[in-house]
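Here's a quick tour of one model, starting with a single residue and then moving out to the sheet. Have the structure open as you read.

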Amino acid sequence: VGEDNGNTSVFHRSVREGISSTAVLVLDSTANHFYMQDVAVKNTMPFVGDPTRAITIQEKSSHNIYKNVRLISGQDTYYTQNTKTYLEDCEVHGTIDYICGSGDVFFKNTLLCEGPWPGNMLTAHNGRYCRYGYVFDHCTVVGEQGFYYGRPWYNFCKTVFLHTRLIATPYQQGWNAPIHPAPDALLGEYDNRNSENVFYSARGKRLSASEAAAYTVENVLGYDDNWRPAQYTLQSPSPSDVRVTGSALQWKDSDKALYWAIVKDGNIIDFTTRNSYRLESQGKYSVRAANLMGGLGSASEEVAFK
């Protein structure tokens with residue numbers, strides 16, 4: 001858990017390109033139920049063209065959750081391998097196939113940022129070992145160049161875009177040619193709109209309303225074990241009734257907070273499990289509450305200690 005994804009980062013610069021040897025973080029098969037919030041993960045290897053594969057996270061584990069996370073690289077930014085994963089309010093930056101791999105992955109309210117490279121492709125899904133594939137729900141695509149929604153990596157590729165806002169402009173055909181033959185690929189779309197709120201079809205499979213309605217977080221990620229990841233990303237309310245009493249900072253207790261972060265002049269300085277904190281120096285103070293997984297919600301109103 002970071003303080004915010006603009007100033008908290010994990011980074012690495014790969015010395016050679018490659019999909020299996022460049023990841024900043026590798027979640028191996030024992031790293032199930034991984035949680036990350038308010039962190040940027042960057043591979044700073046310069047992107048010079050296809051192929052320049054430089055991974056941020058290579059995922060071999062399952063039941064992973066990302067909240068307010070930024071993944072930044074060029075080609076193959078985020079590599080999933082037979083995983084179940086939930087991303088909410090995240091950003092993924094890249095150029096070619098920058099979300100790639102296999103598994104069931106649900107992207108909720110995620111910003112997809114195209115790099116300055118012609119022929120950008122958002123996805124390359126390998127349809128083995130999954131039921132629903134990559135699902136993008138209420139996401140946004142931005143960038144300076146045109147883009148393809150993606151291309152199948154192998155047969156049985158499954159990728160759908162639902163209620164997506166297209167600030168960048170898709171190429172007319174929408175989807176690019178498969179990397180390997182994929183006659184049974186599902187490339188689905190429903191209610192995707194451009195920057196002027198006009199419906200846009202990329203010539204994939206136009207899902208019906210009932211077909212699109214089946215792509216819920218519960219169905220996509222909980223079909224065999226009732227996993228409900230969205231309950232873990234709920235943020236604790238901002239602490240209320242924050243006040244200074246003598247030399248103590250105090251606020252209303254809450255059973256929804258795992259702990260509290262103490263913020264002085266805009267920076268976190270300490271943590272506590274109590275709803276009070278002894279003040280030792282002047283400044284403006286606020287409090288942030290942590291959710292079930294330790295992710296920090298918004299700060300309370302500031303109070304001054306003189």
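## A serine in a loop

Leaving aside its neighbours within four places in sequence, which residues is Ser61 in contact with? Keep in mind that we're looking at a predicted model. The residues in question are Leu27, Asp28, Ser29, Ala31, Asn32 and Thr83.

As for where to look, Ser61 is found in the loop between β5 (57–59) and β6 (64–67).

Now for the strands. Eight of them form an open sheet with parallel pairing, in the order β1-β4-β7-β9-β11-β14-β17-β19. At the edges stand β1 (9–12) and β19 (193–194); each has a single partner strand, so one side of each is left without a neighbour in the sheet.

## Pairings up close

Let's start with β1. It pairs with strand β4 (residues 40–43) in the parallel sense, over four bridges, and Ser9 has Ala40 as its bridge partner in β4. Strand β4 is in turn joined to strand β7 (residues 70–72) by three bridges, again running parallel. Here, the bridge partner of Val41 in β7 is Leu71.

Further along, strand β11 (residues 111–114) and strand β14 (residues 140–142) run parallel and are joined by three bridges. Look for Leu111 here: its bridge partner in β14 is Thr140.

Terms used. Residues numbered from 1 in each chain as written. Predicted model: local features only at pLDDT ≥ 70, side-chain atom pairs only at ≥ 80, totals over all residues. Heavy atoms only, no water. Pairing = 2+ DSSP bridges. Helix = DSSP H or I, 4+ residues; strand = E, 2+ residues; numbered from the N terminus. Contact = heavy atoms within 4.5 Å.
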